[in-house]
Structure formats: structure tokens, C-alpha cells
Amino acid sequence: MPPLEELIAQNRWLWRGYAPPVQSGSGLSTGFPELNDVLPQAGWPTGALVDMTVTDWGLGEVRLLLPAMAQVMAQQRQVVWIAPPYLPHAAALSQHGVRLELLTIVTPGDSRAIVWSIEKFLRASACGLAIAWPGGIAPSALRRLQLAAEEYDTPAFLLRRAARPPNATPAALCLYLQGSADRLHITIVKARGGCRHPRVTLSP
Amino acid sequence: MTGLPATISPTRFLERLPAASPPSPLWLAVGLPDLALETSARHMRLAAISCDSHRGPMVYAASRAARAQGIRSGMPITAAFALAHELRVYPRDPAAERAALKHLAEVLSRFSPVLSLEEPDAIVLEVGGSLRLFGGLGELARQIRASLTAHGHRHVMAVTPTPGASLLLAQNQHPDVVTDKASLRTALGKLPITILPFAALLRRRLFRTGVRTLYDLWRLPRVGLARRFGPELVAYIDRILGQRPEPRRHYSPPERFAAAVELSAETFEHAVLVEAVRHLLTRLDRFLRHRVRTLSELHFNLFHSHAAMTPLTVRTRRHTRDVARMLYLFAERLRHTSLPAAVTRIGVSSGELHASPGQTDHLFPSGENAGEDWSSVLEEIEARLGHAALTQLYLCDDHRPERAWSHRPSRGTVAGQPVCRRPLWLLDTPRRLLYCQGRLWYAGGLCITCGPERIESGWWDGQMCRRDYYHATNESGSRLWVFHDLIRHQWYVHGLFG
């Protein structure tokens, strides 16, 4: 094996940008086969930060995450929502099969407290998944969260509203979501491990 | 044991033991001669405690250095100052003494369940029943002595078969051990008559008849004594000699923990406050351990000299006895509380106490105890962000969407789910929509894609609603939940299909 190949095989920090990725199948299924097909781990990365930018709330970004939540809850693990932008509607959640007793909602006051509580939850072994709506967040805080998610092997999703995706992010997976009528267009801005197609369209 | 054959059966062995007889009562009295000094003037070398009498302020107690200069209790304060002009005098604080005595009773309750406070400065405990557990009287006394010394109290201990005799010896600084009633007379005989807890008049009359010690009293005939000095004297003698029962009021410790600590100086320093609370919580730990109790709520009060006190409450999700955790949560709460002024005093009181079920630990740590971990994370979040920051959702039995959920579990059962799809997000309050040119506007024009669903409810509680709900999409692709209010004839947006 050439030294470069060897290095890429051994080190998960190195990957080929444009080669078709090797699907390891170790991810948390997204519940959408089209999306599973293009993601490097055949699903959401399990111990990583997923940075999602939406052009507006209400495109279907939460519905995109509900199947993953349901899987985590089926293993009796807790799901946390941190600083949601609106009131989560209990009736709708239970219509989607969310077990309300395993869902905890935290509303910290400021962005420092948001980052602190995400990290706190990632450290908890009972916490299976954390979703946060942090607003503005410093790149150093993002890096911290990515490291925490990796160390404690818990997926964390950050949802932010912006017109454009971020230029650079320490997150392992960065998605940009746009909506039209009843469709959700997902652009994969960055995926550690590479991805097949940078664009997917779903109707969640 | 040497006489027993090697193969004796356990039951036979038990038969050979003498029938268990109830242990004879043995009373241990602890006298604290310097309690007043220790509570009011602990770190002062040359100090005296004053109390008021009909002749003006008097010395109630004097420190060792003061006694060396000739200061005695019962002396007028002015005379004491004449002997030592640099003497520091503190007024007596009976409430603090009582609190200190109760605290000691708390400490000693580990040695015996039968315990009584003898105000102002003694405690009596029945130790006959505890001898076996602690391995004999010597070992028990050693442990009691060690815990009293650890709390910095000078003490005198006496053990006799009657509480009265033990008290008499201990309060008058005659440490002694008498284990059988027969030798009680001899042991008490040498005590002077002046120390008996009688009125001064009676003591003087006894003294005038030539009675100097208790031994003189033993020699006088009972009938004559009763006739000349009243039946109380005879009754008292009978009680201390154990010829007449002497019921005592048992001290039953309070079922709620409350303690306070006065800081030596006003402070804002968190480290000092946390250290003070650590001391309080050590007492809480002992309190909980002795009662086999747990708690889930602790109230702290931080007192300031010129501002209203600051209350802090620490809650745990489970009933616990883990004071280290409580201390951590307190420190965390303190860090996020702004104090209006420097703290002078800290009080702590427990919430309701709960019986502590035994705990089983896992042999191998597994995912099963992840719940513990989870509740402690929630506690830490609550301690830092406040109790309101952490919520859960519950369904409520109501058709109005804003009342179909709650942060608290609802009473009664939830009958069923709405048939139509509900949005994942609700707005706090519905927001008005613009309706013009036959179109709805909300950050761009809206297209209605689905509906209507009529929700008409609440006529019984004054919050009547009659609404037609529709699904709508805006230009950026967001799906909204809008309704037409049929009472006010207005359009509103109520939620988003996130």
C-alpha cells in the first residue's frame, strides 16, 4: 500500500474530497433512504456535531430529525432540546411518535449558557441526542462541542437560521436547508468522509 | 468456650447460654462546666460571662486565666474588673447555650437512644443498653470523650445506676464510675451538702444542724428528716439512690434539620461561604445518618446586615443523603446569584425528610445506573440556570391547541389524539395576519394548501374559541398553521410545521 493510502486508511482525520466514500453503515439512520444513501456513515454520524443552516424556520428541519429521535427514544435514551425558537407542541410531537417523557426542554438565557448546557448533556451517558437552536455561536464554542460530541459519542444537532451556509465549520457534517412548496432541498456543505452527491431533495 | 465439645450444634449452644436478662440501667452524665464560655467567648483567653442578679451584673463563668487571677463566679463584675482590668466580659446567651446543648445531644445520640437534656449545662444518657455494642464501658466512655473533645468542650463525666446521682457528680465536677447501687451511698457520701439542688434556706438549715456532707445525711433517720426538712428532701435522696423511680423527659431530636452559622466577618467571598456551608452540611450528614433519612430539598438563607436576606433553595431529583452533592449544588447556585450585601450569617433548614430505603449497588457498572447520572445532570442544569429553565411537556385533554399541553402533568387522562396534523411549533400568542387583495400576507404572500379544520370549544370557561385552521406555505417554503377567527373575523398565524 502506498504511504498516502495507508495514512488515509489509518487516520480518520484524512479523507478524499472527491472519491466515492466508503459507507461504513455505523451511523444513526436518518429515516430517509435518499439521505442515508449520500451520507458517509449511511446516516447521521453518531459521535459528531451536525451543523444545519436553514433559510427560515418551518421548512421541515425538525421533521428531518424526528426519525432519529424516535430511534434514540426506542433505546430508552433521553433527547434534549435546547433553546427552541418556539413552543414545542406536545400534541404534534406525540402524533409523530415522540415519547414526551423522554424529551427534556431547556431554555438557557444566553448563548454561553446554551453552549454550556449542550456540553453538559453530551457528557451524560443517558442522553442519546441533543438538538440546539443556539443563534449566534463562536467558532471556538463549535469546536468545543464537536470535541465533546466525539468524546462522549453522542450526536448533537445545531439549527441556525441564516441566508447562507457558514464558510467554515468544525462540525463533522454541515447541511444547508432550503424549502420550496412541500419539498426540502438539502445541500451537503461538508461531510467528514466525503459524500456522493452534494444535493438531496426530500419531502419530509 | 474451651469447655464446649467441638461438634456442638448451634441450638444446643444457645441453650447453654444464660437466659438473657435485660441489662441493668446505667446512666452516664456529661457535665459541661464551661459551656457558657465556650459558646459566647470561645477564643478569648481572659474572659468572663456576666449575668444579671438583683445586686447588679455578676460573673457567671470565668475562663481559666481569669480564675487564676482570682475571679470567681458569683462575684460582682466591678470586683472582677478590679482584679483584672483587661478582662473581656460578655453577656450570657442562654439561647445559644441551649442550641449548643442540643447540638451535643445530636452528637451523643449515636451512643444511646435514651438521652435527656439537663439545662443549663449537662446531658444524661442511659448507656446500660449500649455497652455490648461499643465493647464495654471503657471503650464507650473513650469514644464519648473523643467526640466531646472534637467539638471543643471541656467536660466531666460520671456513671452511676441513677440519673440523679450521675448528674450530681458530673455537674459538680466529681468524675466517678459506680456500677452497682449498693456502693452508691459510699461514692456520694463525701460530697458536700452545699451542692444539693435545694433552696438556699433548706441548705442553710441542714448546715446549721451540723450536716456537712451527704454521709452525714445518710446517718439521720428518714422519719425525722422528713418531719424536720420536708418530704422533698427524703424523696430526692430516694431518687438519687435508686430507691424510687426517677422518670426523665427524653430528648427527642427534631424531625427537621435546622442550623445556622455566624460568620466571623462579613464577606462576599464565595470560598468562605462555601466553607461555612460545608461545616453546616457535616452536621446535616450526621443528622441524616442517625435517623436513616434522606431529603430532596434544602433551604439556605444568607443574612446581610443592611439588606433583606437572600434565600437559596437546592433541590435534588431523588431523595439523597449525599451532602457533598448538596454542597456542589449550593456552590453552583451561589455562583449565579448576585448578593445585595456582604453575608453575616448563613442558615440552613431541610425540607421534608424521607425514610431511606437501602441502596443496592451494582457489582458491575452498567447502563442501568445511567438514570442516576441523568438526574444529576438535570440537577446541575437547574442549579445553574434556575428551576424554570428545565421543562417537560405533557398532554392535556383540551381541543384548543394552546391548552392541549402543559409543563406539568395534568390530572385525569388524555382521551385521544387530534385527528388532523398539528404543527411542531406553536407561537406564544397567535400573530395577526394581513388580509388584502384576497390574499394572506405574512413576510410575503401565503398559499393555503390544506383545510379547514374547525376547532370550536371552551364555551364553559369564558375562553370560547371558534376557529377554522388551515395549512399555508409562504414564499421561502415554510409551512404555517393559520386560522380564521370566526368570532373576531381576523386571520392569525398560530404555529409552524417545523
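Tutor: Let us begin with a definition: two strands pair if DSSP finds at least two bridges between them. Please keep in mind that this is a predicted model.

Student: What makes β2 (residues 47-53) of chain B and β4(B) a pair of strands?

Tutor: Four bridges join β2 of chain B to β4(B). The definition asks for at least two bridges, so these strands pair. The two strands run parallel, and B:I49 stands opposite B:Y90 in β4(B).

Student: In what order do the strands of this open sheet stand in chain B?

Tutor: The order is β3-β2-β4, three strands with mixed pairing.

Student: Why are β3 (56-62) and β4 (88-91) of chain B called edge strands?

Tutor: Each of them pairs on one side only. On average, neighbouring strands of this sheet are turned by 40 degrees against each other, direction ignored.

Student: How do you know that β3 (residues 87-88) of chain A pairs with β17(B)?

Tutor: Two bridges join these strands. The definition requires at least two, therefore the strands pair, here across two chains. They run antiparallel, and A:P88 stands opposite B:W425 in β17(B).

Student: What makes B:E380 and A:K120 a salt bridge?

Tutor: Their closest N and O atoms are 2.6 Å apart. The limit for a Lys nitrogen and a Glu carboxyl oxygen is 4 Å, so the pair qualifies. Across the interface of chain B and chain A, the rule finds one salt bridge. For polar contact, it finds 15 residue pairs, both residues being at pLDDT 80 or more.

Student: How much area do chain B and chain A bury between them?

Tutor: The size of an interface is often given as the accessible area lost when the parts come together. Here the two chains bury about 3900 Å², 62% of it on carbon and sulfur atoms. In chain B, the residues B:W374, B:L424 and B:W425 lose the most area to chain A, together 21% of what that side buries.

Definitions and conventions: Residues are numbered from 1 along each chain as its sequence is written. Chains are lettered from A and ligands numbered from 1 in the order in which they are written. This is a predicted model: local features need pLDDT of at least 70, side-chain atom pairs count only at pLDDT 80 or more; totals for chains, interfaces and linings use all residues. Side-chain values use heavy atoms; hydrogens and water are left out. Buried area is the accessible area (1.4 Å probe) that two parts lose on being put together, summed over both. A salt bridge is a side-chain nitrogen of Lys or Arg within 4 Å of a carboxyl oxygen of Asp or Glu. A polar contact is a pair of N or O atoms within 3.5 Å; within protein, one must be able to donate a hydrogen and the other to accept it, and residues adjacent in sequence count only if both atoms are side-chain atoms. Axes are lines fitted to C-alpha atoms, for helices over the stretch in contact, and angles run from 0 to 180 degrees between N-to-C directions.
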